[in-house]
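Try each task before reading its solution.

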Amino acid sequence: MFKTPKILTYAGVVPFFFLTVLMLYQTQSQIVFAFLYLIYGGFIISFLAGSHWKQAVMNKDDGLQILCMMPTILAVFIIILGMVFNPVWMLPMLMVLFVWLYRLDTKLSGDVGLEYLLIRRNVTVLFCTLVIISFAVSYEF
């Protein structure tokens, strides 16, 4: 039986999939699609980082609060750099933030359970694969 969090987690990857397909076939607009990748990725990173904020505040853990805040701040800088430079160059940095948040999830997995971690792992691997494909087809070597 499908569960809503599982469906929503996998549905969150769908825009990345479509942007990757568009980058493959609409080569003249790859920079625009890469920038959209950064913006949507920034939203998702902020959402994932914010999901740990409650735990950090309740535990009064300043270190964890900073750790939860940094991916969001870095995502904003990546988007800004994507406006100044070629946004395709920023895609690998976005991937690093997603892996960072997955590692944060595994460390703070106390109340989410193994099923959620498996879904997050699958989605993180899928996202990283899409980023690698998008970067490879649009980066001018």
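Contact means heavy atoms within 4.5 Å. This is a predicted model: local features need pLDDT of at least 70, side-chain atom pairs count only at pLDDT 80 or more, and totals for chains, interfaces and linings use all residues. Residues are numbered from 1 along each chain as its sequence is written, and side-chain values use heavy atoms, with hydrogens and water left out.

**Exercise 1.** Find which residues Tyr37 touches, not counting residues up to four places away in sequence.

Solution. Start with Phe16, Leu19, Thr20 and Met23, which are among them.

**Exercise 2.** Work out how helix 3 and helix 5 are oriented to each other.

Solution. Helices are DSSP runs (H or I, at least four residues), numbered from the N terminus. Take the angle: helix 3 and helix 5 pack at about 170 degrees. Their axes, lines fitted to C-alpha atoms over the stretch in contact, with angles from 0 to 180 degrees between N-to-C directions, lie 8 Å apart. Now apply the cut-off: angles over 145 degrees count as roughly antiparallel. Helix 3 contributes Phe35 and Leu38 to the contact, among others, and helix 5 contributes residues including Cys68 and Pro71.

**Exercise 3.** Decide: is Val123 buried or exposed?

Solution. Locate Val123 in helix 7. Buried means under 20% relative accessible area, exposed over 50%, partly exposed in between (1.4 Å probe, protein chains only). Val123 has 10%, so Val123 is buried. Next, list its contacts: Val123 touches Thr9, Tyr10 and Val13, not counting residues up to four places away in sequence. Val123 and Thr9 are 114 residues apart in sequence, yet 7.5 Å apart in space, C-alpha to C-alpha.

Note on methods: Helix = DSSP H or I, 4+ residues; strand = E, 2+ residues; numbered from the N terminus. Parallel < 35°, antiparallel > 145°, perpendicular 65-115°, else oblique.
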